[in-house]
Amino acid sequence: MKFTRFTVDSNEYTGVIVDEVIREIKGDIFTDWDYTGKVFSKSEVKLLAPLAPNQIIGIGANYVATTDDLPSELPEIPVFFFKPTSSVIGPEDDIVIPSGCDTVKFESELAVIIGKEAKNISEADVFDYVFGYTVGNDVTAPAFFHEAGHWTIGKSFDTFTPLGPFIETEMNPLDIRVKARLNGEEKQNSGPELMIISTQKMVSYLSHVMTLKPGDVILTGSPVGAEFVHAGDVIECEIEEIGTLKNPFVKVTVSVER
Ligand code: MG
């Protein structure tokens, strides 16, 4: 099933894609919802990010180029970071390059959406706690990485977390390709066999640190091939089973006081 959020005439709706139309639903997508009977055509809606996340957690440098490059030992403490929920935007929205840098990086990623409270869960049980998946773009401004190694500022600007276009609840995350096209040219295209820390390991590990809640979004890392981009570039992040998340980059028009 494919869940979506969208606006029509500045009214906000939640819906499910059924064939070529969107059927409006009411309620909590994680627990209890129902159809309202209202139906929209895809062409009349403006898609939003498919959920307002509870928290957003990312993992650093999680893909290798070939399986030969996979490390024989996993890191004892993986590199995780938080992104603010205020950085979320939807399909087609502008990614704003902040003042203080001319270029940022795109990072196409599988985004896991937690559906049930999860604490101390085993790797084998992880998928029982997952509601679905969307595509995430973990936009990053390395110019704002702190020299002491903290990434928070460089990951946190408004518009730095595009999500969408839909939440797919019925796909197998172990049989996908995570892709990105920059101005139409393919830059990323990798499968989960190239992940250093698997989705199951990642979610299980995090659940032993913090209680994961419905609506938590975990960005599972970006394949090799992420590049610097400039204003005027257009990025399409794609996982075929979910859809394509397309956003243009623009330069900020107001300067940020520092
Ligand atoms: Mg990333």
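## Basis of the model

Two strands pair if DSSP finds at least two bridges between them. Strands (E, at least two residues) and helices (H or I, at least four residues) are DSSP runs, numbered from the N terminus. The structure is a predicted model, in which local features need pLDDT of at least 70 and side-chain atom pairs count only at pLDDT 80 or more, while totals for chains, interfaces and linings use all residues. Residues are numbered from 1 along each chain as its sequence is written, and side-chain values use heavy atoms, with hydrogens and water left out.

Strand S13 covers residues 161-168, and eight of its eight residues are buried (under 20% relative accessible area; exposed is over 50%, partly exposed in between; 1.4 Å probe, protein chains only).

S13 runs antiparallel to strand S1 (residues 2-8), to which two bridges join it; here Phe-3 stands opposite Ile-167. Strand S8 (residues 88-89) is parallel to S13, also with two bridges, and Val-88 stands opposite Thr-161. S12 pairs with S13 in the antiparallel sense over three bridges, with Gly-136 opposite Leu-163.

## The magnesium site

Glu-107 (OE), Glu-109 (OE) and Asp-138 (OD) coordinate the magnesium ion at 2.0 to 2.1 Å. Donors are N, O and S atoms within 2.8 Å of the metal (3.2 Å for Na, K and Ca); water is not among the atoms, so sites may look incomplete. The donor residues follow the spacing E-x1-E-x28-D in sequence. Glu-107 lies in the loop between strands S10 (104-105) and S11 (108-114), and Asp-138 in the loop between strand S12 (130-137) and helix H1 (152-156), so the pair ties together parts 31 residues apart in sequence.

Glu-107 is buried, at 15% relative accessible area, and Asp-138 is buried at 0%.
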